[in-house]
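Look over the structure shown here before reading on.

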Amino acid sequence: MNHPALAEKFAKDFNRTTWHDETLWFVRQKRDRAIYPIPEFQELRTLASQIKDHTLSNLDNYLLQFEENARKNGVKVHWAADGEEHNRIVLDIIRNAPHIKGRTGPIKMVKSKSMLTEECHLNPFLQKNGVEVVDTDLGERIVQFRNEPPSHIVMPAIHLKKEDVGETFHEHLGTPKGEKDPQALTEAARQHLRQKFVEADIALTGVNFAVAETGSFVVCTNEGNADLGVNLANVHIACMGMEKLIPKVEHLSVFIRLLARSATGQPVTTYTSHFTKPAEGKEMHIVIVDNGRTQQLGRSDFRNSLKCIRCGACMNTCPVYRRSGGHSYDFTVPGPIGAILSPNIDLHKYSTLPFASTLCGSCSDVCPVKIDIHVQLYKWRQVVSKENELPAVKKWGMKGLAKMLAMPKVYNLGGKVARSALRILPHGMTHAKGMNPWAKARELPDAPKQSFKEWYSQNKKP
Amino acid sequence: MSSREKILASVKAHKPALIDLPVIPAFEGDGSIEKFKTVLTGIGGHAIEVSSKTECQQVIDTHYSDLKNLASTLVKATVEIDTSTSKDILEQVDLAVVEGVVGVAENGAIWVPEANMINRALPFITQHLVLVLDKTNIVANMHEAYKKLDTIGNYGAFIAGPSKTADIEQSLVIGAHGARSMMVILY
C-alpha cells in the first residue's frame, strides 16, 4: 500500500491521531527548550554540516584510515556491499565465535538499537538460522513482541498507548491484566531483559559515530542497554552504515552536543560510550555497510541525505508524519528524512513518499546537520514524475492544469464557472469525496463574487 | 573483486571534489559547580559536595546503609570485583562507587574511563551508581571535555544521570536497564 492509503488507515481513529500529533509536538517543544540556552547552537549545526561535507568528500580515505586503526586495536573489520551480505557476515561471526563453534543448543543474542539492521532485515534472517534475537531497547522490545516494525527511529513504540503495551506485556511477560502504569511495565521489562543480558552469547549494537583517527566508535543510549549487552557477552558486533564516519575525536563534541538535544530535548543521552579495543579475551567486530549509500553519494542533488545522524527531529516536527504515523511510510526510516532516503533504494515502491509533505520546510529548520530535506523532497518529485511513477490522476491533472494556466482566457472562464458552481451546487456535490479529495476533512471557504484580478482592475488608481 | 575493494572504488568514483574541514572555534560557557549541579538534578541525578575525598565513606554510610553488596576501590567494599568477575556476581551488585575524571557542566555528564570501572560491566549492571569527581575537573562543555581527556582509551563512557526511558507514551521512567539512581560526590 502507498502512503496516502496507509495514512488514511491511521487517521481513521481521530482521537488517537490527535494524541499522536500532540505527543510528537511535545517532543519538538522539548527540543526547542533544549537548544535555546545554547548561544552557538546554529553555529554548531553549520559546523556539523561542514564536517560531514568534508568527510563525504574524502570518504574512501577515511574508511581506510578507520579500518587500519580499528585493526591495530584488535577489532575485526568486515565490509558488506548490501543487506544480504551484511546478514551473512553477522551469521558467520556468530557461528565462528570460539565459545559457540561446535556447540549445540540455542545461540542467544541481545541487540541494542540499530536502524541499519532493520534496513537489512537482520532479525528474521538470524531467527531462521537458529539465533534467538532479543531487542533490548524498551520500545524495540515492545514492537518486537507485537511483531511490528518501529514507527519512529528514536521512539520505536510512539504509535502505541500504555494500554496497548500493558496488553502486550500481559501476554508475553505475565504482567497483571489491565496493568498500564509505565513505571510498573518498565520494571517488568527490566527484570525480563536482565536475564536476557546475562544469558547472551553475542551482543550487537549500532554505531552513532565512528572516528577515523582512532578507529573507535560511539554508541548513545538512555537505557544503558548497549553497554550492558556488550560488557556481559563474549562477542560484540557493531554494524554501521559507511556514512557514520567523522575524522577526529574533537569532532565528536559538535555532534554529541547536537544529537540528544535535537532528538528528545535532553542535554545529552545518559550513556555516551566510546568503544576502541575489546576487553581482554573478548572479540569485537565492525561491519561496514554500503547498501545503496555509494549510489546516493553520487547523486549530487541528494548526497546531503547521507549527513543524517538519525535524531528524528524532522519526524517530530513534520505535520504529515505527526498525523499519519511512522508505519504509513512503510520504510525503515519514516518521516521526511525517510522520504528522501527511500526513493534511492526503490523509486517505484516509495514513489508516494516525496509527496508526503507540505513542503513547509520545518524539517530543514530543525535538522542538526542542515540537510535541505524539503528541497530534496521537491527534487525527488521531479524524478518521480520523469520516471513516470506518478499516479494517473495526478499526472493528467497536472498536465491539464498546466495547459489551462498557460491560456489566460480559459483560466478566467474556469474561475468564473467555479465561483458560481460553488455557490449554486449542493454541498454534497462540491464536497463529494471521490471528486474533491481536498475537501475530505476540510471546508471550502465561501466563494467570492469576483476574482482578485477583476477587483484589481476595478479599484486600481488610474 | 571483494566487497571491500568494490565499495572503496565506488566511493572514490562517486564522491564530490574535496571540501575543506572547518576549524572548531573555542566555545566558552559556564563551567561552574552550580551549573553542573543544576543540570544534573534536571536529568534525574543528584550531587553532594564534600570538603575532601576521605569524606566519601561517610556519605556512603549515611545514604546507602540499606544496600548490601557494594563494589568500589574508593570506599569499603563488601563484594570483590575485578576484570574477570563472573556475571552472576556482577548481577548481585547493589551499589558501585567509582571515580569519574571530567565533569561537563552543560549536560551533567561525567567521563568514566575503563580503568576506573573496575569491571567494564559494573557501572551499568549495578542497581545504584555513585560517581566521585574532583570539582576542579568540571568543564563548561563537550569541546573542553574532550580536550581535557588525553585519550579516550580502550573503552570509556560519559555517564549523565541514572538509566532512563520514555518509551511508553513518553512518560519518563528512571531505572530502565542500568542504574536506578545516580549520585555524584564532588570533592
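Chain A is divided into domain 1 (38-293), domain 2 (312-386) and domain 3 (407-459), with bounds taken from an automatic or database domain assignment. Between the C-alpha centres of domain 1 and domain 3 of chain A the distance is 54 Å. This is a predicted model, in which local features need pLDDT of at least 70 and side-chain atom pairs count only at pLDDT 80 or more, while totals for chains, interfaces and linings use all residues. Residues are numbered from 1 along each chain as its sequence is written, and chains are lettered from A and ligands numbered from 1 in the order in which they are written.

Next come the two chains together. In chain A, 72 residues are in contact with 59 residues of chain B; contact means that the C-beta atoms of two residues, placed from the backbone, lie within 7 Å. On the side of chain A that touches chain B, 32 residues are nonpolar, 25 polar and 15 charged. Here Ala, Val, Leu, Ile, Met, Phe, Trp, Tyr, Cys and Pro count as nonpolar, Asp, Glu, Lys and Arg as charged, and the others, Gly among them, as polar.

Strands also link the chains. Strand β9 (residues 271-275) of chain A runs antiparallel to strand β8 (residues 155-159) of chain B, and five bridges join them. Strands are DSSP runs of E with at least two residues, numbered from the N terminus, and two of them pair if DSSP finds at least two bridges between them. H274(A) has G156(B) as its bridge partner in β8(B).

Key: Helix = DSSP H or I, 4+ residues; strand = E, 2+ residues; numbered from the N terminus.
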